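Thanks for making time this morning. I would like to walk you through one model, and I will start with one of its ligands before turning to the fold.

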Amino acid sequence: MFTLGIIVASDKGSKGLRVDESGPVIREMLEQHHYITRKYVVLPDEKEALAREMIHMCDDLSIDLILTSGGTGFSHRDVTPEATLSVVERLTPGISEAIRYNSLQITPRAMLSRAVSGIRKNTLIINLPGSPKAVRESLQYILPSIAHGLEILKGTASECARK
Ligand SMILES: Nc1ncnc2c1ncn2[C@@H]1O[C@H](COP(=O)(O)OP(=O)(O)OP(=O)(O)O)[C@@H](O)[C@H]1O
Ligand SMILES: Nc1nc2c(c(=O)[nH]1)N[C@H]1C(S)=C(S)[C@@H](COP(=O)(O)O)O[C@H]1N2
């Protein structure tokens with residue numbers, strides 16, 4: 001059982017100009033995989049606010065997994081990767097490579113996602129794209145492998161036995 005933090009980076013969502021559909025998709029899919037949602041926030045696309053929330057979820061709430069959605073594209077307001085890079089201590093590029101690899105089979109525009117992922121203390125942070133469709137497609141692909149990584153991070157699994 002792992003705890004989950006959800007951060008949706010969306011100017012429109014944070015102003016109430018669009019109902020956030022991506023956070024609920026994350027919540028529903030992760031709860032089906034027995035994660036417990038500790039916190040779910042919708043924030044504007046602002047690097048400092050996003051980084052502050054990530055640090056709070058990691059350092060104060062000791063959340064196991066933080067999933068962000070949105071703000072990974074080319075718009076000048078898209079700064080979720082930069083916020084993430086400012087707080088993580090170690091990168092986990094394979095996860096973001098896997099998301100892009102899978103998404104490229106669906107749309108060539110997946111190459112436009114600048115998403116990153118990494119570890120701060122005992123917390124794994126993963127950027128997902130903004131649209132609920134992209135969130136669902138990405139989670140379907142990575143979720144089966146993520147639990148094993150979290151077990152190793154928490155020290156509850158040490159062997160990488162093949163499955
Ligand atoms: N949280 C969300 N809930 C529902 N739909 C979303 C969400 N985020 C993105 N989308 C959908 O994906 C499209 C592309 O997302 P993008 O990240 O470019 O958002 P945007 O329209 O620039 O606005 P913002 O960054 O303020 O959310 C949006 O136009 C919208 O249809
Ligand atoms: N699986 C999947 N990944 C996807 C997409 C998609 O439809 N499905 N859309 C892409 C598009 S159009 C963009 S611009 C980038 C960045 O999205 P973001 O700015 O919403 O974070 O994610 C990409 N990744």
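Sorted by class, the residues in the shell around ligand 1 are two nonpolar, eight polar and six charged. Please keep in mind throughout that what you see is a predicted model. Ligand 1 has 16 residues around it, and those that come nearest are S10, D11, K12, G130 and S131. If you ask which helix gives the most to that shell, it is helix α1, residues 11–14, with three residues.

Now to ligand 2, which is surrounded by 19 residues, the closest being T72, G73, S103, G130 and A134. You will notice that G130 is listed among the closest residues here, and that G130 was also among the nearest to ligand 1. The shell of ligand 2 divides by class into five nonpolar, 10 polar and four charged residues, and the element that gives the most to this shell is helix α6, residues 132–154, with four residues.

Let me turn to the sheet, which is open and built from six strands in the order β2-β1-β3-β6-β5-β4, with mixed pairing. Strands β2 and β4 stand at the edges and have a single partner strand each, so one side of each is left without a neighbour in the sheet. At the β4 end, two bridges join β4 to strand β5, residues 117–120, and these two strands run antiparallel; within that pair, R90 stands opposite I119 of β5.

Strand β1, residues 2–9, is mostly covered, with six of its eight residues buried. On one hand, β1 is joined by eight bridges to strand β2, residues 35–43, in a parallel arrangement, and G5 is found opposite K39 of β2. On the other hand, β1 also pairs with strand β3, residues 65–69, again in the parallel sense and over five bridges, where I7 has T68 as its bridge partner.

What do the buried residues of helix α2 pack against? They pack against β1, β2, β3 and α6, and the buried residues in this helix, which spans residues 22–32, are S22, G23, V25, I26 and L30. Following α2 comes H34, and its phi is positive, near 70°.

Is E48 buried or exposed? E48 sits in helix α3, residues 47–60, and it counts as exposed because it has 10 C-beta neighbours inside 10 Å, where the cut-off for exposed is 12 or fewer.

Finally, a word on the annotation, which I take from the record: an unreviewed UniProt entry marks residues 5–149 as "domain: MoaB/Mog". In the model, the end C-alpha atoms of that span lie 17 Å apart, and the span is 45% helix and 21% strand.

Definitions and conventions:
Residues numbered from 1 in each chain as written. Chains lettered and ligands numbered in written order. Predicted model: local features only at pLDDT ≥ 70, side-chain atom pairs only at ≥ 80, totals over all residues. Near = placed C-beta within 6 Å. Nonpolar A, V, L, I, M, F, W, Y, C, P; charged D, E, K, R; others polar. UniProt positions renumbered as here; feature names shortened; annotations may be inferred. Buried ≥ 20, exposed ≤ 12 C-beta atoms within 10 Å, placed from the backbone. Pairing = 2+ DSSP bridges. Contact = placed C-beta atoms within 7 Å.
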